[in-house]
Amino acid sequence: MFKKMVAASAAKSPWIYHINTGSCNGCDIELVAVLTPRYDAERFGFKLAGSPRHADIVVVSGPVTSQSKERLIRTLEQVPEPKVVVTLGSCPKSGNVFKGSYSVECPVDKYTHVDVSIAGCTPKPEAVIEGLYKAAQILKEKREAMNK
Amino acid sequence: MIPFLKVALSNLFKKPSTRNFPAHNVEAKPAYRGRISFDGEKCRNCGMCVKVCSPAAITRTEIDTPEGKDIKFEFDLTSCTFCGMCQDFCDEKAITLTDDYHMVATDAKDLISSGVAHITVPKGKLVCGDDCVYCTLCAKKCPEGAITVDRAAKTWSVDHDKCTKCGTCVSACPKKTLSFEDPKPQVVALDSEKCVYCTLCAKKCPEGAITVDRAAKTWEIDTGACILCGKCIDNCPKKALSFKDA
């Protein structure tokens with residue numbers, strides 16, 4: 001009974017951790033815009049967590065620079081299971097215009113399984129909401145599978 | 001106190017400023033650059049979009065068909081910067097960046113826009129007629145940089161190895177003087193000095209178009225029956241046969 005209550009509330013409160021791996025800041029601004037009153041992702045329970053240890057959904061932006069690669073792996077390790085990884089924009093998925101650069105070690109797929117990818121450069125806030133909503137559904141499924 | 005109260009009261013009866021997004025779809029602003037749509041019917045495979053794409057998000061795969069070529073264009077939206085250069089540079093307006101921004105997928109394959117262009121490659125070479133005014137427009141438009149025009153010296157030349165016969169120059173020419181010439185009709189010709197009248201060519205000809213008289217040392221070909229297959233040329237032991245312009 002108590003466990004069910006926790007599961008039901010956790011499904012309605014997915015916490016996001018945002019990691020920037022060398023992004024141009026465009027996607028980061030749009031993600032923050034999603035949390036403002038105009039788009040208000042908190043309607044679905046999304047809340048920006050300060051620490052990866054508190055997060056359910058990890059949003060990755062940027063083309064994974066050599067400097068941030070280690071940090072990305074370390075951060076992803078700290079996120080407790082079940083976790084959902086969302087890539088924001090073109091960069092983390094392919095490197096975008098930076099692909100082939102000596103200092104870029106994309107895609108994120110090399111280091112972790114990507115559950116949802118949001119395309120766009122940058123994605124419109126509405127597309128980000130759509131992606132996060134999809135991620136929350138995947139998170140719910142993963143948690144149900146884990147609790148069985 | 002009073003103006004402050006006015007604002008407070010008016011805000012109390014205002015609708016919330018939050019957009020009720022998933023319940024009510026929000027249209028993108030005009031000229032928004034979203035999901036790419038590609039019309040293969042219009043494309044003529046000049047390759048300009050591939051050249052101008054800075055993140056190299058466009059891939060072409062060529063498949064040979066009896067009529068010409070089938071070319072599959074794939075636009076990887078997870079690689080695209082949505083700069084719109086491919087759309088701007090497409091002379092045929094085959095590429096459009098639509099206002100569809102709902103580009104969310106769990107599988108990256110869903111984020112690839114693709115289309116197939118059916119291309120008929122002209123057989124003849126590119127030629128320039130007498131009406132040329134040496135405006136250099138064809139050279140500027142050529143995606144391969146195969147055309148060289150010297151305005152001062154009034155010369156026009158094309159590198160046939162580089163030319164892909166896409167036809168961009170033909171439609172760009174203001175004088176309509178560029179064209180692909182018809183391939184010249186050819187015939188099989190004999191070098192009578194090399195021929196030993198062995199009759200091998202006559203035996204190998206699938207149409208029976210060649211008659212050779214060993215005793216009289218004559219060689220004749222019925223050009224109407226000849227299908228220019230080249231079997232006689234390949235089988236001639238003395239290499240006395242060849243294709244020649246009629």
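What pattern does chain A follow, read along the sequence? The answer is α-β-α-β-β-α-β-α-β-α. That comes to 5 helices and 5 strands. Please keep in mind that this is a predicted model.

Next, the overall dimensions. The C-alpha trace of chain A spans about 55 × 35 × 20 Å along its principal axes. A compact globule of 148 residues would have a radius of gyration near 15 Å, and chain A, at 15 Å, agrees with that. As for burial, 45% of the 148 residues of chain A count as buried. If we take the contacts in chain A between residues at least 6 apart in sequence, 81% of them join residues at least 24 apart.

Now the sheet. Which order do the strands take in the open sheet of 6 strands? They run β2(A)-β1(A)-β3(A)-β4(A)-β5(A)-β5(B), and the pairing is mixed.

β1(A), residues 15-20, and β3(A), residues 57-61, pair in the parallel sense over 5 bridges. In that pair, N20(A) has S61(A) as its bridge partner. The other pairing crosses between chains: β5(A), residues 116-118, is joined by 2 bridges to β5(B), residues 104-105, and these strands run antiparallel. There, S117(A) has A105(B) as its bridge partner.

Staying with the contact between the chains, it takes 25 residues from chain A and 24 residues from chain B. On the chain B side, the residues touching chain A divide into 14 nonpolar, 8 polar and 2 charged.

Then there is helix α5(A). It lies across β3, β4 and β5 of chain A together with β5 of chain B, and runs at about 165 degrees to β4(A).

Which residues touch the most other members of the largest nonpolar core? Of its 62 residues, they are I57(A), V58(A), V86(A), I118(A) and L132(A). Helix α5(A), residues 125-147, supplies the largest share of this core, 6 residues. To take one example, I57(A) touches P14(A), I16(A), V84(A), V86(A), L132(A), A135(A) and L139(A), leaving aside residues up to four places away in sequence. A second, separate core has 11 residues, including C128(B), V158(B), C169(B) and L178(B).

That is the end of my part.

How values were computed:
Residues are numbered from 1 along each chain as its sequence is written. Chains are lettered from A and ligands numbered from 1 in the order in which they are written. This is a predicted model: local features need pLDDT of at least 70, side-chain atom pairs count only at pLDDT 80 or more; totals for chains, interfaces and linings use all residues. A nonpolar core is a set of buried Ala, Val, Leu, Ile, Met, Phe, Trp, Tyr and Cys residues joined through C-beta atoms within 7 Å. A residue is buried if 20 or more other C-beta atoms lie within 10 Å of its own, exposed if 12 or fewer, and partly exposed in between; C-beta atoms are placed from the backbone. Helices (H or I, at least four residues) and strands (E, at least two) are DSSP runs, numbered from the N terminus. Two residues are in contact if their C-beta atoms, placed from the backbone, lie within 7 Å. The radius of gyration is taken over C-alpha atoms; the globule rule is 2.2 Å times the number of residues to the power 0.38. Ala, Val, Leu, Ile, Met, Phe, Trp, Tyr, Cys and Pro count as nonpolar, Asp, Glu, Lys and Arg as charged, and the others, Gly among them, as polar. Two strands pair if DSSP finds at least two bridges between them. Axes are lines fitted to C-alpha atoms, for helices over the stretch in contact, and angles run from 0 to 180 degrees between N-to-C directions.
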